[in-house]
Amino acid sequence: MPQNLSPPAAQVIPGFWACLRRHPLDPEAWRGLAEAYADLGLEPHRAYAVGQWRRLAVGAGQASPRASHSGPDSGQTWPSPAQAESWLQQPRMPAAQQWLQRLEAWRTTCPGDWLSGLYACRLADGRPDDPASAGEVLSPAQALAWAEALEPIPGESRHWLGLWRLQGGDATAAVEALAPLVDRQPQRHGSLLQLGLALLRLGRGAAAEAAFSRASGSTHPGFLRLLAQRVYEHNYWREAIAVLERARSLAPADIATLEALARLHSEVYQLSEAEAVCRQVLEIDPSNAVVPYLLNALPGRRGDARAHLAAVEAHFAALNDPGSRLASTVAMASLYVDDRSPEQVAALHRRLAAPIEAACPPSIPFTNPLDPERPLRLGLVSGDFHRQHPVNLFMLPLLERLDQRWFEVSIYYTGSMHDAYTARAQAAAAHWIEAVHLDDPALQRRIRSDGIDLLIDLAGHTASHRLGVFALRAAPVQLTFLGYPHSTGLECIDWLIGDPVVSPAEHGHLFSEGIAQLPGSVFCWCPVDDYPLPPPRPPAAPLVFASFNNIIKLSPRTVTLWGAVLRDLPRARLLLKAPSLGDRSVVERFMDLFAAEGIGSERLILEGPEELGRMMQRYGEVDIALDPTPYNGGTTTLQALWMGVPVIALRGGNFVGRMGASFLTSLGHPEWIADDAEGYRAIAGRLAAAVDDLRQGRAALREQMASSGLSSLDRYTTDFQDLLRRVWRCHCSGSGKRLQAAEPATGP
């Protein structure tokens, strides 16, 4: 304990806090406090004070507060800021409780130190029992009252306590801390934002919206940008745009606000608006570094995958930063183009991944017991457990059925959005770790400390990925599954979970990972919501083909193929439904593309986005769904089949181009799979000739799907658990990287 601090050292800090209670916006007082903490080696405290100084210090030429050095407490080092942040989010960790004991001892020496009291208040949430009756330490309620009495700004203690509780996954306790501020300090807009987020996690949508509405009364553009980002993450995109427009009205030329507005317009596929705001930014700041990312994304969102890939490859080369996350954008963009071979796409992934792995230090050996039959600790890294994301649709039902006797599941949640589905995922896991605030090294350390045996990446190169954690090697066995339909290109990921169709053994050269095959399709359809079947279409209705895929999947080869199908069947129409088609410029582009194939606009129905339930009912106006190439439909294909609509797929040369074939094979309809364009057109002709039977057979197709391997969740769960067990046995025995479905699989 730091009992050897001299009285003057213990007295200087309360003096600074007394000054800050009178003048909380004085940067020099914060500087003095930071340097006092530095002299004592209190690094987490110093980091907080430096952050406040940076926020308040205005003008150039001001030197930063000096760094910490070995102070009087040098014999017992205080935690680093990163460690402190982790412990404040997870106060039940043993190390956090040890820090609490030290803080309580320090409080007796320096009772006027508000920040130590605040930290102790939060860490008291993790104390196993309430020791208030012993009289030696403060209860959480007493600690909060003590902190509130010393806080430099009214409401500051409750704000931080609520934030840490929310980051730690305890939304109920966060609301308990934050709710009193609504009436006490209604001007604390940041606290209202955190309260709204906590209320959303508890399913109290109306109360959350009221909190967000109050928070939007802020006159600070920087805060309004944060508010817009948070409400957008929870699908309030119209409200987010309105908040950003308010921020723009307060500061019309503020670059950060304009960048945020352009980004949001792009995210919700208001592409013309996004481009206009980007041009406005460049008029003000011609060398702006953010706008090129947004402009380079626009061709893809307008359906031109080749132009998108060319733009992001050029941008990536100009950056000259192999570790940039733009590498993943390049990798993802390459999946959509139809003028590169599977071998070329695989080689590109390896080239992009190699520098990421090379920059990581060698991994320290793991000490996990090499017992092939013991229960296993399974870690999942994902930011996508929410309704809008396909990973949630496929992973949540599986997660809820895993045998907890044999698999202790920890979810490292790297996302910001929380809804009822996030809550279900949290309830299904043995451990839930809010990891969005942890950088890659911190998250890797946390996973290692948890003793995870098998760590699964659920993102690949998609936007929310944490591949850097896997490159640092966080578990003895690392796998990738579900979120990215291709090899990651990373050698440090040991296994890719696939199936005999999407990842056959003869395609091993396309994968940097070993192939671990499930016996059926790698995807299992078990809808988390109810979607009733629409009534049969009337006999006189015109034949309608459809695709509800994102428009970037409609490659030139796809448009040519579908144009040929429509020429073969001159009375048929084509319904395309995609978010981008809410933009008139995209509609006109695809009208022109199909006109070049001899298909008039009267045969096209082009529609923008709808709410998911209404979108599913739109399949009631569809007879046959068409799968694009080279990037097949995933969720959209399974949705079409579930709504009783047959799908025609073209078997491609890699994972992303063979998903449709995988689905239809498991469903028992290989006759809907083509190997070339002529076969695709022939299948369309045969199905069109039987359209009356198809319309009457919707319920039968759903029943067939429900009873097939494509939707047998119990069988799929057993197969998945068996596969994980085989992977672990392979690790224990030191075997090579290849697990085919034909190999015997035995349960735990």
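Predicted model: local features only at pLDDT ≥ 70, side-chain atom pairs only at ≥ 80, totals over all residues.

Trainee: With the strands, please. What makes E1 and E4 a pair?
Mentor: Pairing needs at least two bridges, and four bridges join E1 to strand E4 (residues 454-457). They therefore count as paired, and the two strands run parallel.

Trainee: Which sense does the pairing of E1 with E2 take, and over how many bridges?
Mentor: It is parallel, over seven bridges, with E2 covering residues 407-413. Look for Val381, which has Tyr412 as its bridge partner in E2. Between E1 and E2 the chain passes through helix H21 (residues 390-399), and this β-α-β crossover is right-handed.

Trainee: Why is that crossover called right-handed?
Mentor: Point the strands away from you and follow the path from the first strand over the helix to the second: if the path runs clockwise, the crossover is right-handed. The path from E1 over H21 to E2 gets that label.

Trainee: How much of E1 is buried?
Mentor: Six of the seven residues in E1 (residues 376-382) are buried, so the strand is mostly covered.

Trainee: Now helices. Why is H29 described as largely enclosed?
Mentor: Because seven of the nine residues of H29 (residues 659-667) are buried. Among them are Met659, Phe663 and Leu667. The buried residues of H29 pack against helix H28 (635-642), strand E12 (647-650), strand E13 (673-674) and helix H32 (698-707). Just after H29, Gly668 has a positive phi of about 95°.

Trainee: Why is Leu694 called buried?
Mentor: The cut-off is under 20% relative accessible area. Leu694 has 18%, so it is buried. Leu694 sits in helix H31 (residues 691-696). Setting aside neighbours within four places in sequence, Leu694 is in contact with Asp623, Ile624, Pro646 and Leu687. Pro536 is 158 residues from Leu694 in sequence, yet their C-alpha atoms are 9.0 Å apart.

Trainee: On to charges. How do you know that Glu233 and Arg230 form a salt bridge?
Mentor: The rule asks for a side-chain nitrogen of Lys or Arg within 4 Å of a carboxyl oxygen of Asp or Glu. The closest N and O atoms of Glu233 and Arg230 are 3.4 Å apart, so the pair qualifies. Both residues lie in helix H13 (residues 221-233), three residues apart, about one turn of the helix, and both are buried.

Trainee: What about Glu313 and Arg340: what makes them a salt bridge?
Mentor: Their N to O distance is 2.8 Å, and the limit is 4 Å, so they meet the rule. This pair links distant parts of the chain, 27 residues apart: Glu313 is in helix H18 (residues 305-319) and Arg340 is in the loop between H19 and H20.

Trainee: Why is Glu313 called partly exposed?
Mentor: Partly exposed is the range between the buried cut-off of 20% and the exposed cut-off of 50%. Glu313 has 24% relative accessibility, so it falls there. Arg340, with 30%, is therefore partly exposed as well.

Trainee: How many salt bridges are there by this rule?
Mentor: The count comes to 37. Lys577, Glu607, Glu610 and Arg618 are linked in a network of them.

Trainee: Why does Asp583 have no salt bridge?
Mentor: The nearest side chain of opposite charge, Arg302, is 5.2 Å away, and the limit is 4 Å, so no salt bridge is counted for Asp583, which is buried. The side chain of Asp583 does make a polar contact with the side chain of Ser585, at 2.4 Å. Asp583 lies in the loop between strand E9 (573-577) and helix H26 (584-595).

Terms used. Residues numbered from 1 in each chain as written. Heavy atoms only, no water. Buried < 20%, exposed > 50% of the residue type's maximum accessible area, 1.4 Å probe, protein only. Lys, Arg positive; Asp, Glu negative; His and termini not counted. Polar contact = N/O pair within 3.5 Å; in protein donor to acceptor, adjacent residues only side chain to side chain. Contact = heavy atoms within 4.5 Å.
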